[in-house]
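Student: I would like a close look at one part of this model. Please take me through its charged side chains.

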Amino acid sequence: MADPKGFLTTGREVARTRPVGERVKDWNEVHVPGSLLPIISKQAGRCMDCGIPFCHNGCPLGNLIPEWNDYAYREDWRGASERLHATNNFPEFTGRLCPAPCESACVLGINQPAVTIKNVEVTIIDKAWDNGSVTPQPPERLSGKTVAVIGSGPAGLAAAQQLTRAGHTVAVYERADRIGGLLRYGIPEFKMEKRHINRRIEQMRAEGTKFRTEVEIGRDIDAAKLRKRYDAVVIAAGATTSRDLQVPGRDLKGIHFAMEYLPLANKVQEGDLTVSPISAEGKHVVVIGGGDTGADCVGTAHRQGAASVTQLEIMPKPGEERNPGQPWPTFPMLYKVTSAHEEGGERVYSVSTTHFEGDEDGNVQWLHLVEVEFKDGKLTQLAGTERRIPAQLVTLAMGFTGTDVKNGLVDQFGLELDARGNIARDADYRTNVPGVFVAGDAGRGQSLIVWAIAEGRSAARGVDRHLTGASTLPAPVRPTDRALTV
């Protein structure tokens with residue numbers, strides 16, 4: 001273990017963020033560079049050799065958290081990196097973007113603040129890149145088999161890297177102009193600078209993975225032709241169909257899905273655009289949806305110079321501590337203040353949008369809402385609570401309903417969908433079509449980055465076994481596994 005008394009002598013300390021007034025003027029990551037290194041060894045030392053490390057259950061990847069905590073405590077960064085990469089292809093992504101269900105399951109968290117697992121993770125991988133520990137791992141020999149991976153988000157990238165290292169020739173197809181999926185265009189730069197994706201892509205290229213951008217399977221290439229060209233296909237296209245809000249006035253100008261708004265802001269940072277065509281500058285912005293995507297819209301609006309930002313959530317405000325219905329080690333619904341919320345704006349809970357109001361030119365100007373309550377499992381509007389708030393830009397961040405079926409991919413492959421609109425699969429991630437597999441949100445539904453990477457790794461094992469008859473690749477999760485909740 002690390003420090004036998006660390007959890008008794010050391011309090012929880014997390015990464016420092018840059019002052020709000022400074023960071024809203026740029027798009028760099030919000031944390032102070034290098035602020036973790038002086039404190040992280042002692043923080044890793046809080047890991048308490050608990051006997052049964054429930055953090056393993058909290059993490060779908062099965063990360064060997066106590067082991068790399070021990071290495072980090074001893075400042076053996078190479079050893080820590082080896083244990084970290086044993087279960088996670090991209091810890092620099094998860095260390096920045098994952099909501100850390102491992103910390104919710106931390107045994108120390110029963111009656112104390114949990115170990116800062118996420119901060120330890122990101123420190124280990126950043127040190128690994130700095131000291132040259134992260135190098136290409138090309139296969140010793142090629143299998144002669146070919147695999148196409150559709151989608152370059154975390155699930156597709158994980159599957160591709162695993163299959164490439166197993167000796168197969170892998171090509172990743174991405175419909176956008178750059179590799180990364182929602183990591184590239186759905187996550188704002190201030191949460192994860194895209195240089196982290198770029199250097200991982202270069203590592204994968206050096207290992208032998210091929211990348212094909214601006215190619216949409218179903219539109220640019222017929223699925224039947226793709227099946228003939230490759231021995232296996234992995235669909236990791238995500239759950240990209242945004243949930244809509246069908247209320248009067250929805251067709252007014254200035255109302256956009258979050259995934260219309262956020263990618264344009266990222267394209268400005270990539271240098272493709274000078275100014276986003278959908279900008280919050282000088283406008284009263286309303287974000288509908290209280291999750292992480294909504295928070296990303298809030299932070300983006302701040303940086304674009306919004307006049308005001310209001311975030312609406314239909315559910316009641318969560319508590320700041322676990323309630324009895326969400327006991328340890330389950331992942332609790334807690335009131336969370338992200339870096340974007342620290343920067344300003346108003347958060348309104350238990351409200352529902354009734355309609356939008358526009359001006360004579362068809363531009364949205366007002367959002368009408370009403371307070372609601374959940375009673376006996378039903379949503380009830382509270383009479384007399386109707387009001388309107390200014391809204392010159394509205395972003396819909398209410399989640400996703402399933403994979404894209406409009407581009408022809410599902411129909412051309414002849415894929416079966418489950419009751420929730422996801423692509424159906426068996427225990428080996430196989431679809432109903434021979435040689436075609438599915439991983440990530442396309443098969444699971446909207447989920448976390450750690451589940452996407454875990455599914456990509458597990459699906460890779462299924463593909464490898466299909467191609468060779470056996471596989472030594474790890475499979476951290478089954479398609480039926482779900483998060484540890486109540």
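Student: Start with Glu216: is Glu216 buried or exposed?

Tutor: Glu216 is buried, because its relative accessible area is 13% and the cut-off for buried is under 20%. Keep in mind that this is a predicted model. Glu216 has a charged partner, Arg219. Their side chains meet in a salt bridge, with N to O at 3.1 Å. Arg219 counts as exposed, at 52% relative accessibility.

Now look at Glu214. It sits in the loop between β3 (210–213) and α13 (223–229). Glu214 is exposed, with a relative accessible area of 55%. Its backbone is worth a look too. Phi is positive, about 55 degrees, although Glu214 is not a glycine.

Lys210, Arg212, Lys225, Lys228 and Arg229 form a positive surface patch. β3 and α13 each supply at least two of its residues. α13 gives the most, with three. Take Lys210 as one member. It lies in strand β3. Lys210 is partly exposed, with a relative accessible area of 42%.

Next, step back to the salt bridges. The count comes to 35. One of them pairs Arg175 with Asp404, at 3.1 Å from N to O. This pair links distant parts of the chain, 229 residues apart. Arg175 is in the loop between β2 (169–174) and α11 (182–185). Asp404 is in the loop between β15 (400–402) and α17 (409–413). Asp404 counts as buried, at 16% relative accessibility. Arg175 is partly exposed, at 39%.

Another bridge joins Arg178 and Glu270. Their closest N and O atoms are 3.5 Å apart. This pair also links distant parts of the chain, 92 residues apart. Arg178 is in the loop between β2 and α11, and Glu270 is in helix α14 (residues 258–270). Both ends are partly exposed: Arg178 has a relative accessible area of 22%, and Glu270 has 23%.

Key. Residues are numbered from 1 along each chain as its sequence is written. This is a predicted model: local features need pLDDT of at least 70, side-chain atom pairs count only at pLDDT 80 or more; totals for chains, interfaces and linings use all residues. Side-chain values use heavy atoms; hydrogens and water are left out. Helices (H or I, at least four residues) and strands (E, at least two) are DSSP runs, numbered from the N terminus. Buried means under 20% relative accessible area, exposed over 50%, partly exposed in between (1.4 Å probe, protein chains only). Patches are made of residues with over 30% relative accessible area and no salt bridge: like charges are joined within 9 Å, nonpolar side chains (Val, Leu, Ile, Met, Phe, Trp, Tyr) within 5 Å. Accessible areas come from the Shrake-Rupley method with a 1.4 Å probe; for residues, only the protein chains shown count as cover. A salt bridge is a side-chain nitrogen of Lys or Arg within 4 Å of a carboxyl oxygen of Asp or Glu. Lys and Arg count as positive and Asp and Glu as negative; His and the chain ends are not counted. The place of a charge is taken as NZ of Lys, CZ of Arg, CG of Asp or CD of Glu.
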